[in-house]
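Here are my notes for you on this one. Have the structure open while you read, and work through the points in order.

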Amino acid sequence: MSVTPCGKLLLIGGKENKEDGGNEEMREKNNNFRPGEILKLLAGSKDDRIEVITTASAEPESLQKTYTEAFEKIGYSNFGFLDICDEQLHTDYQIKRASAAKTIFFAGGDQNRICDVLKQSALKYILKEKYINEKDFTLAGTSAGAMCIPDIVILEANNGEAILEHDIKLDSGWGFIGNCIVDTHFVHRGRFGRLAHAVILNQDCWGLGLGEDTALVIEEGSTATCKGSGMTWLLNAEEIGQTNSKTVKNGEPIFAENLKVHILTDNCKINLRKGIFTGASYS
């Protein structure tokens, strides 16, 4: 996306803490743990309209209950849920609600489902217009919802001990950010290998491995700030040396030299266009 967007992206690694209190064990272990912090980033004001898209989930009713309770604890007073299916993609009702929202939040589930339904929809183009032109607009996603936001999405991949040729399936995502591939639940589900595979195949892309209860806030299309109690891993394959990724045979392991890794924690920043890293400072 060549135009600098006025809106911001909120990419969440999944399992964001939904409690606005408690969890003393986490508080004692991690000084950066702030309960409910990630969901508090969804809106600038507690009165701003938030629309939660539950299309990725096989159990949208359960998600509605969970997020309603979490939002009410935070103090959000203006939110709703849209479980959009194929027949609803172009209805005035869906379009009007999305157009009026300050935040569109894609909940987790199956990225195949959400990409198939929304990739060519009118809704995607309305959201892109809002993201480019509306200063206070936030496009957010958690888990599968976050993975679909860039140009490229990981649809399927194996988490084996080796990176094997043909063990990953990539597709085009929604295109809100062009030089990134996002993976979620990154540490908890051991997904380093599959994200490394994705960036080795797409060496102009950052691999953003988002931990649980952790998010990247991306402003002006490239300035990313880590938030939350976990960490974000950034993989960069632009300067890899020896690799057999283009010649490896089906089922054989892939190797790569000089794959670079950055680790961001709460308040660390990186410019995804220039590659400039800024560590957090603590008093």
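1. Which strands does helix α3 lie across? Helix α3 (residues 60-74) lies across β2 (50-53), β3, β4 (103-106) and β5 (138-142), and runs at about 165 degrees to β3. Axes here are lines fitted to C-alpha atoms, for helices over the stretch in contact, and angles run from 0 to 180 degrees between N-to-C directions. Contact means heavy atoms within 4.5 Å.

2. A word on where this comes from. This is a predicted model, in which local features need pLDDT of at least 70 and side-chain atom pairs count only at pLDDT 80 or more, while totals for chains, interfaces and linings use all residues. Residues are numbered from 1 along each chain as its sequence is written, and side-chain values use heavy atoms, with hydrogens and water left out.

3. Now the parts list. The chain has eight helices and 15 strands. Helices (H or I, at least four residues) and strands (E, at least two) are DSSP runs, numbered from the N terminus.

4. Take the nine-strand sheet next. This open sheet has the order β3-β2-β4-β5-β1-β10-β11-β14-β15, with mixed pairing; two strands pair if DSSP finds at least two bridges between them. β3 (79-82) and β15 (276-278) are at the edges with a single partner strand each, so one side of each has no neighbour in the sheet. From one strand to the next, the twist averages 20 degrees.

5. Zoom in on one pair there. Strands β10 (residues 214-219) and β11 (residues 223-228) run antiparallel and are joined by six bridges. Look for E219, which stands opposite T223 in β11.

6. There's another open sheet, made of six strands in the order β7-β6-β8-β9-β12-β13, again with mixed pairing. Its edge strands, β7 (168-172) and β13 (260-264), each pair on one side only. Here the twist averages 25 degrees from one strand to the next.

7. Five bridges link β6 (residues 150-157) to β7, and the two run antiparallel. Helix α8 (residues 192-201) lies across β6, β7, β8 (177-183), β9 (206-210), β12 (232-236) and β13, at about 55 degrees to β7.

8. Finally, a helix pair. The axes of α4 (residues 92-100) and α6 (residues 122-133) come within 10 Å and cross at roughly 15 degrees. That makes α4 roughly parallel to α6 (angles under 35 degrees count as roughly parallel, over 145 as roughly antiparallel, 65 to 115 as roughly perpendicular and the rest as oblique). Where do they touch? I95, A98 and S99 in α4 meet A122, L123, I126 and K130 in α6.
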